[in-house]
Amino acid sequence: MAIGLKGLTSGLGDVYSSLLSSGFSSPGGGLGGLASSTLLSDYASIKNGSYGKMLKAYYAKQTREMEEDDDDSVSKNKAGKDSAASSSAKAAQKSASELNGLDYSEENMDEIYDSVSSFVKDYNSMIKNASNSNVGAVKNQANQMNNTTYANYKMLAKAGITMNADRTLSINEKTFRKANMSTLKTLFKGTNSFADQVSNKASQIYRYANNGVSNLYNSRGSYTSLDTSSMLNGIV
């Protein structure tokens, strides 16, 4: 049960009075005299309010240290961001999503080609930045992205899109324009199409790169592992 300062003062006064009246101090002023002097000094500090001020100062100091720890962790987390991978992934996710809304007809081939060309350009920027990222989780997503692309390389080749040694894509306009429209729909339109898979991976890369996945040490040397991407949904 909590005891108020006034009650504590009164109680200690009774204790001190009892100790002193029972002959706690030694006649020679030795250790017993020193102890009684210390007790009286503590009692006086409580009575005049200086002890309470000392407690307030102590807890204020503890609060400041905790806030500094939080600020220190946040600054280290910000250092874990990868703005290049983040921005390129956002662009790739956008261009991949837009492919789903196109009219896949022979009459609309010019728009289809332009849109896919833009997608390839954004894909290449993203895969380069993500593969060279300083965030391990972003690199992992880039590897998964490359595996997804490799799994579709035969279908992509039918549309004039080939994989390069550096993980980027190249598009041949002449071959693309001759591709069967059903092939293009399979690659770029609908759920679980190649474009849809790229869009999903790009969203993951964006989350990891934009928010950072870092091993953090606060000012007291405590270690934590932070993965903020699991806290976020639907950023792009």
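S105 sits in the loop that runs between helix 4 (83-99) and helix 5 (109-131). Please keep in mind that this is a predicted model. Is S105 buried or exposed? With a relative accessibility of 16%, S105 falls under the 20% cut-off and therefore counts as buried.

- Setting aside its neighbours within four places in sequence, S105 touches I112 and M181.

**Helix 6 with helix 10**
- A pair of packed helices can be described by two values, the angle between the axes and the distance between them.
- For helix 6 (residues 136-151) and helix 10 (residues 194-211), the angle is about 175° and the axes are 9 Å apart.
- An angle over 145 degrees counts as roughly antiparallel, so helix 6 and helix 10 are roughly antiparallel to each other.
- Which residues meet here? Helix 6 brings A137, V138, Q141, A142, Q144, M145, T148 and T149, while helix 10 brings F194, Q197, V198, K201, A202, Q204, I205, Y208 and A209.
- Sorted by class, this contact of helix 6 with helix 10 holds ten nonpolar, six polar and one charged residues.

**Helix 5 with helix 10**
- Helix 10 also packs with helix 5, at an angle of about 40° and with the axes 12 Å apart.
- That angle makes helix 5 oblique to helix 10.
- The crossing of helix 5 and helix 10 is left-handed.
- From helix 5, the residues F119, Y123, M126 and A130 meet F194, V198, A202 and I205 of helix 10.
- How many nonpolar, polar and charged residues does this contact of helix 5 with helix 10 have? It has eight nonpolar residues, no polar ones and no charged ones.

**Salt bridges**
- Side chains of opposite charge can pair when their charged atoms come close.
- The count of salt bridges in this model comes to three.
- One of them joins the side chains of E98 and K94, at 2.7 Å from N to O.
- E98 and K94 both belong to helix 4 and are four residues apart, which is about one turn of the helix.
- E98 counts as partly exposed, because its relative accessibility is 44%.
- R177 forms a salt bridge with D110, where the closest N and O atoms are 2.9 Å apart.
- This pair links distant parts of the chain: R177 is in helix 8 (residues 173-178) and D110 is in helix 5, 67 residues apart.
- R177 also meets E173 in a salt bridge between their side chains, at 3.0 Å from N to O.
- R177 and E173 are both in helix 8, four residues apart, or about one turn of the helix.
- Together, D110, E173 and R177 are linked in a network of salt bridges.

Technical notes: Residues numbered from 1 in each chain as written. Predicted model: local features only at pLDDT ≥ 70, side-chain atom pairs only at ≥ 80, totals over all residues. Heavy atoms only, no water. Axes fitted to C-alpha atoms, helices over the stretch in contact; angles between N-to-C directions. Helix = DSSP H or I, 4+ residues; strand = E, 2+ residues; numbered from the N terminus. Parallel < 35°, antiparallel > 145°, perpendicular 65-115°, else oblique. Contact = heavy atoms within 4.5 Å. Nonpolar A, V, L, I, M, F, W, Y, C, P; charged D, E, K, R; others polar. Buried < 20%, exposed > 50% of the residue type's maximum accessible area, 1.4 Å probe, protein only. Left-handed = near helix turned anticlockwise from the far one by under 90°. Salt bridge = Lys/Arg side-chain N within 4 Å of Asp/Glu carboxyl O.
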